[in-house]
Amino acid sequence: MAESFKFELVSPERLLISEEVEQVIIPGTDGEMTVMASHAPIMTTIKPGVVTVKPVSGGEQRYAVFGGFADILPQGCTLLAESAVPADRLDRAELQKRIDDARHKAEHAEDLDERSRAELYLHQLTTLEGALIPA
Amino acid sequence: MASLKDLRNRIASVKATQKITKAMQMVAAAKLRRAQEAAEAARPYSERMDAVLANIAQAVAGGGEAPALMTGNGKDDVHLLVVATADRGLCGGFNSQIARLARDHIRKLTAEGKKVKILTVGRKGYDMLRRDYAQLIIDRVELKEVKQIGFANADEIAKKVIARFDAGEFDVCTLFYSRFKSVISQIPTAQPLIPAATGETEEGSNAVYEYEPSAEEILGDLVPRNIAVQIFRALLENAAGEMGAKMTAMDNATRNAGEMIDKLTITYNRQRQAQITKELIEIISGAEAL
């Protein structure tokens, strides 16, 4: 059995999980990464995506997160999400609304910088949608 | 002296008032529990946020440059006060306490020759400050329609504040709200938002981090979010405090109504007795005269 570490997923509204896990897959801005016990300290921002958690107790939990950042230490990992919901309870209409908002923003961006940022966000959202909806 | 009928009406009306205040107290108690739970559920996030922020700020302080939102823009001329109050009254001194603190602050700042701008959150704060400082209020947010305050509400306010800061409309921002200490005690608090007050780093958390993408970029993302989190927390504490204050105020009102009913009932009984005695005397003296 792999070593375990403490993982916490918190959104501003509440603490979603706090338990011993074997590994967590985090959608970092610069690419997905799998965190296991004794990971080197790293701090990264996260993009909208799916966080996959493998708790010691077995099974696998998936959470949809919308941006935020992760604080990883050898002894534990804290993920501060702007908004997070269990993947199977994600409201499809809510996601669609976010996508529409992002699209609107991308189309009405004032400068190039803002547009590319909005388009990136939109792309991340649609990827998230693709990852979740057929599941 | 009021007639018997007047007294009876009076008693009936006070009893009706007592029923209303009693009901309001119970509603406030139920809402208080929910608001308290929400405030407690939000605590882990802001605590971790503080720890992470302090940590990263320390890392950045060594070199690089921190965003202006955190260190301020070096000036101290124009102050923005974000005054968060409740939307409803009937909760004792809750709203006026916050307004008084804000007013003291405004007076102090204007005496020092600084310019003051106000952004109010919640209707009561706006109503109270409008009387004296109508020309200073630049914007207001009402949360009357909102049943359960979500992070999105706070985020919206934070975006407004940040947009104004970026436009150079003010230099220093302070948030006014009421800290929820207990059901019977709420402490009006002024908390600096911009520049951010960074807490002390905890011992042992000085691990050498790697940053992805970079410390500056993370900080640039983190600081605006931290402002939203602080506002969110203030709103939740306010909501809990409002309900606590309302509960206490309504409890007092119910008790006062009870006392009033007792007093009125005694007066009523005395008068009724006096009238009966008077009638008896009239009958007896009439009979004796025969």
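Predicted model: local features only at pLDDT ≥ 70, side-chain atom pairs only at ≥ 80, totals over all residues.
Visitor: How many residues of chain A are in contact with chain B?
Guide: Contact here means that heavy atoms lie within 4.5 Å. By that rule chain B takes part with 23 residues, and the number in contact on the side of chain A is 23.

Visitor: What area is buried between chain A and chain B?
Guide: The size of an interface is often given as the accessible area lost when the parts come together. Buried area is the accessible area (1.4 Å probe) that two parts lose on being put together, summed over both. Carbon and sulfur atoms give 64% of the area buried between chain A and chain B, which is about 2,200 Å².

Visitor: Which residues in chain A lose the most area to chain B?
Guide: Three residues together account for 30% of what the chain A side buries. They are Pro12(A), Met43(A) and Phe69(A).

Visitor: Which residue of chain B meets the side chain of Glu8(A) in a salt bridge?
Guide: A salt bridge is a side-chain nitrogen of Lys or Arg within 4 Å of a carboxyl oxygen of Asp or Glu, and the rule finds two across the interface of chain A and chain B. The structure holds 15 salt bridges over all chains. Glu8(A) lies in strand E1 of chain A and its partner in helix H1 (residues 4-61) of chain B, so the pair joins two chains. The distance, N to O, is 3.0 Å, and the partner is Arg48(B).

Visitor: Which strand gives the largest share of the side of chain A that touches chain B?
Guide: Helices (H or I, at least four residues) and strands (E, at least two) are DSSP runs, numbered from the N terminus. Strands E1 (5-10), E4 (42-46), E7 (68-73) and E8 (76-81) of chain A each supply at least two residues of that side. The largest share, five residues, comes from E7(A).

Visitor: Which residue of E6(B) stands opposite Thr44(A)?
Guide: Two strands pair if DSSP finds at least two bridges between them. E4(A) and strand E6 (residues 210-212) of chain B pair in the parallel sense over three bridges. Opposite Thr44(A) stands Glu212(B).

Visitor: Which residue is the bridge partner of Ile26(A) in E3(A)?
Guide: Within chain A, strand E2 (residues 15-28) and strand E3 (residues 31-36) run antiparallel and are joined by six bridges. A hairpin leads from E2(A) to E3(A) through two residues. The bridge partner of Ile26(A) is Met33(A).

Visitor: What is the average twist from one strand to the next in the five-stranded open sheet of chain B?
Guide: That sheet has mixed pairing and the order E3-E2-E1-E4-E5, with strand E3 (137-141) and strand E5 (185-194) as the edge strands, each pairing on one side only. Strand E4 (residues 172-182) and E5(B) pair in the antiparallel sense over nine bridges. Axes are lines fitted to C-alpha atoms, for helices over the stretch in contact, and angles run from 0 to 180 degrees between N-to-C directions. From one strand to the next, the twist averages 20 degrees.

Visitor: Where is Ser38(A), which has a positive phi although it is not a glycine?
Guide: Most residues other than glycine have a negative phi, and most peptide bonds are trans. Ser38(A) has a phi of about 60 degrees. Its place is the loop between E3 and E4 of chain A.

Methods. Residues numbered from 1 in each chain as written. Chains lettered and ligands numbered in written order. Heavy atoms only, no water.
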